[in-house]
Amino acid sequence: MNYNELIQLYFERSTAMQSYWNLYVIIVGGLLAVSSMRKQPAAVTTAIVSILFALFAYKNLDAMYDTTAQRFAVVSAIKQYDPATAPVAVSKQARDLIEPTLTPATYGSVKATHVTSDILTIAALWAMELRRRRLRKGEGVPQ
């Protein structure tokens, strides 16, 4: 692989990571929107949705782990690229401009953000369920 292909691969992996985050945000937003529109309490449904969301979140985080590892591998290959043995020369000036900007998020930070969001999403689902229950109990009370 030449330097240009390595740079392209890095940004392809960055785009893949962004796609996983976009999918995650769309799922969380849709899940919370649909849950907020429900009128009747349904603990079993909320439990099933919570479990399904947790499974999705686990697989999504697993894909992010793989992509993060790939991004770091590509950054390592970019930094180890030897222009002396390369078929296509890469200017030191270009490398000095590009390489400092290649700073992928660590898996630890990705995992912390993801797990925190997972917990908050499931908490929000259950908070809405509890609110529906409180409102339903209050319906029979004369005011």
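**From the chain to Arg-71**

A: The pattern of the protein chain, read along the sequence, is α-α-α-α. That is four helices and zero strands, where helices (H or I, at least four residues) and strands (E, at least two) are DSSP runs numbered from the N terminus. The protein chain is more spread out than a compact globule, because its radius of gyration is 23 Å, well over the 15 Å that the globule rule gives for 143 residues. This radius is taken over C-alpha atoms, and the rule is 2.2 Å times the number of residues to the power 0.38. Along the principal axes, the C-alpha atoms fill a box of roughly 85 × 25 × 20 Å.

The model is predicted: local features need pLDDT of at least 70 and side-chain atom pairs count only at pLDDT 80 or more, while totals for chains, interfaces and linings use all residues. Residues are numbered from 1 along each chain as its sequence is written, and side-chain values use heavy atoms, with hydrogens and water left out.

Of the 143 residues in the protein chain, 30% are buried; buried means under 20% relative accessible area, exposed over 50%, and partly exposed in between (1.4 Å probe, protein chains only).

Arg-71 lies in helix α2 (residues 43-80). Arg-71 is buried yet has no salt bridge, that is, a side-chain nitrogen of Lys or Arg within 4 Å of a carboxyl oxygen of Asp or Glu. Glu-12 is the nearest side chain of opposite charge, 9.3 Å away; Lys and Arg count as positive, Asp and Glu as negative, and His and the chain ends are not counted.

The side chain of Arg-71 does have a polar contact of 3.3 Å with that of Ser-14. Such a contact is a pair of N or O atoms within 3.5 Å; within protein, one must be able to donate a hydrogen and the other to accept it, and residues adjacent in sequence count only if both atoms are side-chain atoms.

Leaving aside residues up to four places away in sequence, Arg-71 touches Tyr-10, Arg-13, Ser-14, Met-17, Pro-104 and Ala-105, with contact meaning heavy atoms within 4.5 Å.

One of these neighbours, Tyr-10, counts as buried at 3% relative accessibility. Phe-11 is partly exposed, with a relative accessible area of 44%.
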